[in-house]
Amino acid sequence: MKSTDVVVLGAGIVGVSAALHLQARGRDVALIDRAGAAGQETSFGNAGLIERSSLIPYLFPRDPAKLIKYALNLLPEAHYHFSALPMVGPWLLRYWRESAPERVQRSIDARRPLIENSLSEHEALIQQAGAGELLRRNGWIKLFRSDETLAAGCAEAERLRAYGLHIDSLDSAGVAALEPDFAPIAGGVHYRDTASIHDPAALSKAYADLFVSRGGQFLTGDARSLTQEADGRWRVVAADGPIVAGAAVVALGPWSDLVYGPLGDRIPLGWKRGYHMHYAAKDGARLNHTILDADVGYLLAPMRRGVRLTSGAEFARRDAPPTPTQIEICEPTARRLFPLGERLDPQPWRGARPCLPDMLPIVGPAPNHPGLWFDFGHAHHGLTLGPVTGRLLAEMMTGETPFIDPTPYRADRF
Ligand SMILES: Cc1cc2nc3c(=O)[nH]c(=O)nc-3n(C[C@H](O)[C@H](O)[C@H](O)COP(=O)(O)OP(=O)(O)OC[C@H]3O[C@@H](n4cnc5c(N)ncnc54)[C@H](O)[C@@H]3O)c2cc1C
């Protein structure tokens with residue numbers, strides 16, 4: 001039987017980054033994914049932002065008027081399946097509690113060390129992987145359609161400037177100067193510290209190729225076969241036979257419960273599904289930045305394949321058939337804002353953001369299983385946080401002093 005130091009289960013951006021950081025610390029690592037390739041699930045279709053400026057988490061809204069509209073499925077930024085409510089409802093209640101105004105500052109403080117190191121950690125790996133061509137450093141822009149929402153957007157920007165971020169408030173002319181092909185709009189906020197990747201799946205692949213080029217094993221296999229041997233080692237069955245390791249890392253994104261659940265761990269992992277569709281740009285129009293249409297709730301990102309429209313959150317069973325209502329609703333609005341041409345995908349892509357109720361990931365040891373480690377639940381920021389959490393996990397696993405305090409991300413905090 002093959003043996004190695006560590007098996008990392010899941011080759012999304014989170015697992016691949018963890019594998020690279022463990023390897024860099026001298027560990028023999030096997031990376032195992034059912035897809036046989038890296039970055040084929042949630043990490044495939046996201047909006048590509050390395051959100052260096054997103055210190056404020058995505059909170060459950062508390063405005064009663066908005067809540068009524070959400071309940072009636074009237075707002076495109078969120079959508080839910082009525083049939084999934086018995087399962088999703090209790091999780092939403094926990095999310096609502098964690099979003100209480102008095103907890104927001106604590107949440108900002110907890111995520112700040114991760115966010116502040118997110119871009120530099122990517123840059124180091126991007127440089128080693130020779131993937132610099134994928135990175136753009138021109139920020140992202142939140143657009144607002146009314147003076148009222150623009151004022152609220154500018155107030156949030158002001159709060160974030162206190163953290164040393166570089167943010168420009170834009171009037172209508174300011175938006176037009178940066179994005180000349182957009183229809184006139186009240187204004188926007190340009191977060192200049194954020195970077196973006198114009199093919200997120202290619203970035204996961206570049207990191208996985210780097211891992212393999214340095215002697216790492218990439219195996220196809222089902223993580224649900226994980227068992228613990230009598231001697232405490234972990235065993236997984238890969239396509240070419242079983243492999244045992246002294247330690248195992250669960251980095252299965254929204255599917256992580258399929259491994260920790262049967263082992264008896266109870267963790268409130270939920271998910272926010274999301275969709276994308278690519279479009280051509282009409283008449284030579286150019287999209288220069290990633291743009292959030294903040295009052296409507298969708299995003300336009302300039303990708304290698306075309307303009308990628310990504311949706312807000314959908315609350316449904318993780319693997320329920322796709323219902324890309326949000327793409328259908330947002331597309332006509334987006335067409336009035338920017339000259340989108342024909343659709344470039346046969347059908348919308350679907351993914352699921354793996355979320356804990358406090359919108360922080362779990363990074364650290366499994367509470368009840370020596371040798372088992374967790375790295376999942378990166379929510380809206382998995383692309384952003386993959387490398388920085390990979391480093392933190394690898395430092396904890398190898399006995400180094402962690403470069404940031406891991407306490408806020410521990411698995412037993414719920
Ligand atoms: C529409 C949308 C837009 C987003 N935009 C952004 C953004 O701009 N910036 C940002 O930072 N984040 C963004 N996100 C969030 C981000 O994409 C996720 O947080 C991130 O991809 C999660 O990565 P992961 O590696 O944990 O999970 P995944 O990428 O889903 O990887 C999990 C892996 O586990 C494997 N797997 C599952 N089950 C098994 C099994 N039984 N056996 C073996 N392998 C298995 C899968 O094949 C997969 O490769 C967005 C998400 C969505 C949906």
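How close do the axes of α1 and α10 come, and at roughly what angle do they cross? In this predicted model, the two axes come within 7 Å and cross at roughly 35 degrees. The crossing in which α1 passes α10 is right-handed.

Let us look at who takes part. On the α1 side, the contact is made by Ile-13, Val-14, Ser-17, Ala-18, His-21 and Leu-22. On the α10 side, the residues are Gly-382, Leu-383, Gly-386, Pro-387, Gly-390, Arg-391, Leu-393, Ala-394 and Met-397. Sorted by class, this contact of α1 with α10 has 9 nonpolar, 5 polar and 1 charged residues.

Both helices also matter when you turn to the ligand: α1 (13-24) and α10 (382-397), along with β20 (349-355), each supply at least two residues of the shell around the ligand. The largest share, 3 residues, comes from α10.

In total, 30 residues surround the ligand, and the closest are Asp-33, Thr-42, Ser-43, Ala-379 and Thr-384. The shell divides into 12 nonpolar, 12 polar and 6 charged residues.

Here are some polar pairs between protein and ligand:

| Residue | Protein atom | Ligand atom | Distance |
|---|---|---|---|
| Thr-384 | backbone N or O | oxygen | 2.7 Å |
| Asp-222 | polar side-chain atom | nitrogen | 2.9 Å |
| Val-14 | polar backbone atom | oxygen | 3.2 Å |

With these pairs in mind, how much of the ligand's accessible area does the protein cover? On its own the ligand has 1,000 Å² of accessible area, and the protein covers 98% of that.

Notes: Residues are numbered from 1 along each chain as its sequence is written. This is a predicted model: local features need pLDDT of at least 70, side-chain atom pairs count only at pLDDT 80 or more; totals for chains, interfaces and linings use all residues. Side-chain values use heavy atoms; hydrogens and water are left out. A residue is near a molecule or strand if one of its heavy atoms lies within 4 Å of it. A polar contact is a pair of N or O atoms within 3.5 Å; within protein, one must be able to donate a hydrogen and the other to accept it, and residues adjacent in sequence count only if both atoms are side-chain atoms. Accessible areas come from the Shrake-Rupley method with a 1.4 Å probe; for residues, only the protein chains shown count as cover. Helices (H or I, at least four residues) and strands (E, at least two) are DSSP runs, numbered from the N terminus. Ala, Val, Leu, Ile, Met, Phe, Trp, Tyr, Cys and Pro count as nonpolar, Asp, Glu, Lys and Arg as charged, and the others, Gly among them, as polar. Axes are lines fitted to C-alpha atoms, for helices over the stretch in contact, and angles run from 0 to 180 degrees between N-to-C directions. A crossing is left-handed if the near helix is turned anticlockwise from the far one by less than a right angle, and right-handed if clockwise. Contact means heavy atoms within 4.5 Å.
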